[in-house]
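Work through the exercises below with the sequence and the model open. Each task is followed by its solution.

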Amino acid sequence: MEPLQIIREFLSEHYEISPESITPETPLDELGVDSLMFFELVFEFEAKLGVHAPNEELTSLKTVGDLIALVHKLRPAVT
């Protein structure tokens with residue numbers, strides 16, 4: 001499953017945010033993502049993709065694309 005799809009499904013199911021409004025360019029704060037929602041989303045990635053995001057990596061994320069880029073960086077290479 002791709003990170004953008006996980007973000008869309010999670011925010012749509014748990015917070016009734018329209019999936020169409022979620023693009024890589026969308027600022028997280030425009031979606032109403034607060035700190036609790038953000039960490040729930042990070043936990044969702046950790047559970048579904050087996051990645052672990054260190055706290056220091058999370059502080060600079062501003063857009064959906066930033067979060068996707070971090071997941072790709074942390075995701076183990078597929079061989």
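**Exercise 1.** In what order do the elements of the chain run from the N terminus on?

Solution. The order is α-α-α-α. The count is 4 helices and 0 strands, where helices (H or I, at least four residues) and strands (E, at least two) are DSSP runs numbered from the N terminus. The model is predicted: local features need pLDDT of at least 70, side-chain atom pairs count only at pLDDT 80 or more, and totals for chains, interfaces and linings use all residues. Residues are numbered from 1 along each chain as its sequence is written, and side-chain values use heavy atoms, with hydrogens and water left out.

**Exercise 2.** Describe how H1 packs on H4.

Solution. Start with the geometry: H1 (residues 3-15) and H4 (residues 64-74) pack at about 130°, their axes 9 Å apart. Axes are lines fitted to C-alpha atoms, for helices over the stretch in contact, and angles run from 0 to 180 degrees between N-to-C directions. H1 is therefore oblique to H4 (under 35 degrees is roughly parallel, over 145 roughly antiparallel, 65 to 115 roughly perpendicular, the rest oblique).

Next, list the contact (heavy atoms within 4.5 Å). H1 contributes Pro3, Leu4 and Ile7, and H4 contributes Val64, Leu67, Ile68, Val71 and His72.

**Exercise 3.** What share of the chain is buried?

Solution. Buried residues (under 20% relative accessible area, 1.4 Å probe, protein chains only) account for 37% of the 79 residues. The C-alpha atoms fill a box of roughly 35 × 25 × 20 Å along the principal axes. Of the contacts between residues at least 6 apart in sequence, 55% join residues at least 24 apart.

Methods: Buried < 20%, exposed > 50% of the residue type's maximum accessible area, 1.4 Å probe, protein only.
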